[in-house]
Amino acid sequence: MKQKKKVQEVEPKRPVDTYFEELDANFQDPTNRTIQIIFLPLLFFGVMGCIWMIPFPQFEFLVKLNWHTFLNWGSFFIAVVIYFYLKLSATLSYAILFSIGAMSYFIVQLEYVQKNGGPAVIWVCLAIALLALAALYVGKGKEKKAISGKQFLQFLLIGPIWLWHFVFQKFNIRY
């Protein structure tokens with residue numbers, strides 16, 4: 001009697017795993033990894049803050065419903081980002097949503113500081129974004145393998161969930 005061979009089904013590779021493998025291959029330098037951990041979230045915060053501060057039209061029905069304080073261009077940015085990450089990995093998108101909630105809190109705090117005579121939120125966020133972008137660019141130069149502009153842009157888009165995937169791996173959480 002013939003024995004049946006166990007056929008091991010290979011799980012198809014998800015697009016998010018492909019992105020992560022490519023990022024892992026292109027970003028190996030330990031100093032650059034530290035720079036990424038610090039400055040990638042700061043870049044995301046700075047960009048989100050700048051988009052948040054773009055004036056949003058005040059529609060009468062939003063004012064009547066008292067929703068005008070919650071709806072701004074940052075809300076649309078957050079929706080697009082979460083949708084994009086949700087398509088890649090639902091679990092990681094929840095982690096990003098948590099991060100965005102914390103960042104939103106700090107942007108609102110910056111708005112309070114601005115109302116009390118402090119610096120404009122747009123300038124603070126722009127300074128943070130430019131500083132972070134410069135640091136990430138310098139970190140990119142530390143890599144042994146040259147990274148193309150396309151790969152760097154991909155890193156900026158996928159980077160936030162890529163950082164979270166390390167946390168999930170550390171705690172053996174499937175994403």
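User: Let's begin with the second largest pocket. How many nonpolar, polar and charged residues are in its lining?

Analyst: Keep in mind that this is a predicted model. Sorted by class, the lining of the second largest pocket has no charged residues and no polar ones. What remains is the nonpolar class, and its count is 13.

User: Which residues are the closest to the centre of that second largest pocket?

Analyst: There are 13 residues lining the second largest pocket. The ones closest to its centre are F44, F77, Y85, L156 and L157.

User: Which helix gives the largest share of that pocket's lining?

Analyst: Three helices each put at least two residues into the lining of the second largest pocket: α2 (30-52), α4 (73-88) and α7. The largest share is 5 residues, and the helix that supplies them is α4.

User: And what volume does the second largest pocket have?

Analyst: We've met the lining already, with its 13 nonpolar residues. As for the space itself, the second largest pocket comes out at about 250 Å³.

User: Now the helices. Are α1 and α7 roughly parallel or roughly perpendicular to each other?

Analyst: Helix α1 covers residues 15-26 and helix α7 covers residues 149-170, and their axes are 9 Å apart. They pack at an angle of about 105 degrees. Angles of 65 to 115 degrees fall in one class, so α1 and α7 are roughly perpendicular.

User: Which residues of α1 make the contact with α7?

Analyst: On the α7 side, the contact uses Q151, Q154, F155, I158, I161, W162, H165 and F166. By class, the contact has 9 nonpolar, 4 polar and 2 charged residues. On the α1 side, the residues are V16, Y19, F20, E22, L23, D24 and N26.

User: Is N32 buried or exposed?

Analyst: N32 lies in helix α2. Leaving aside neighbours within four places in sequence, N32 is in contact with F27, G139, K140 and E143. Its relative accessible area is 1%, and the cut-off is under 20%, so N32 is buried.

User: Which residues does S89 touch, not counting those up to four places away in sequence?

Analyst: S89 sits in the loop between α4 and α5 (90-115). At 2% relative accessibility, S89 counts as buried. The residues S89 touches, beyond those up to four places away in sequence, are V16 and Y175.

User: How far apart in space are F61 and V81, C-alpha to C-alpha?

Analyst: F61 belongs to helix α3 (residues 60-64), and it is exposed at a relative accessible area of 51%. F61 and V81 are 20 residues apart in sequence. In space, C-alpha to C-alpha, F61 and V81 are separated by 26 Å.

User: And what about A79 and L97: how far apart are they in space?

Analyst: A79 is part of helix α4, and with 46% relative accessibility A79 is partly exposed. Along the sequence, A79 and L97 are 18 residues apart. Their C-alpha to C-alpha distance is 9.7 Å.

User: Last one: what phi does N172 have?

Analyst: N172 is in the segment after α7. It is exposed, with a relative accessible area of 71%. N172 is not a glycine, yet its phi is positive, at about 55 degrees.

Key
Residues are numbered from 1 along each chain as its sequence is written. This is a predicted model: local features need pLDDT of at least 70, side-chain atom pairs count only at pLDDT 80 or more; totals for chains, interfaces and linings use all residues. Side-chain values use heavy atoms; hydrogens and water are left out. Axes are lines fitted to C-alpha atoms, for helices over the stretch in contact, and angles run from 0 to 180 degrees between N-to-C directions. Helices (H or I, at least four residues) and strands (E, at least two) are DSSP runs, numbered from the N terminus. Angles under 35 degrees count as roughly parallel, over 145 as roughly antiparallel, 65 to 115 as roughly perpendicular and the rest as oblique. Contact means heavy atoms within 4.5 Å. Ala, Val, Leu, Ile, Met, Phe, Trp, Tyr, Cys and Pro count as nonpolar, Asp, Glu, Lys and Arg as charged, and the others, Gly among them, as polar. On a 1 Å grid over the protein atoms alone, a cavity is a set of points where a 1.4 Å probe fits but cannot get out, and a pocket is an open set with protein on both sides within 12 Å along at least five of seven lines; lining residues have an atom within 4 Å of a point. Grid points are joined across faces, edges and corners, and a volume is the space filled by probe spheres set on the points. Buried means under 20% relative accessible area, exposed over 50%, partly exposed in between (1.4 Å probe, protein chains only).
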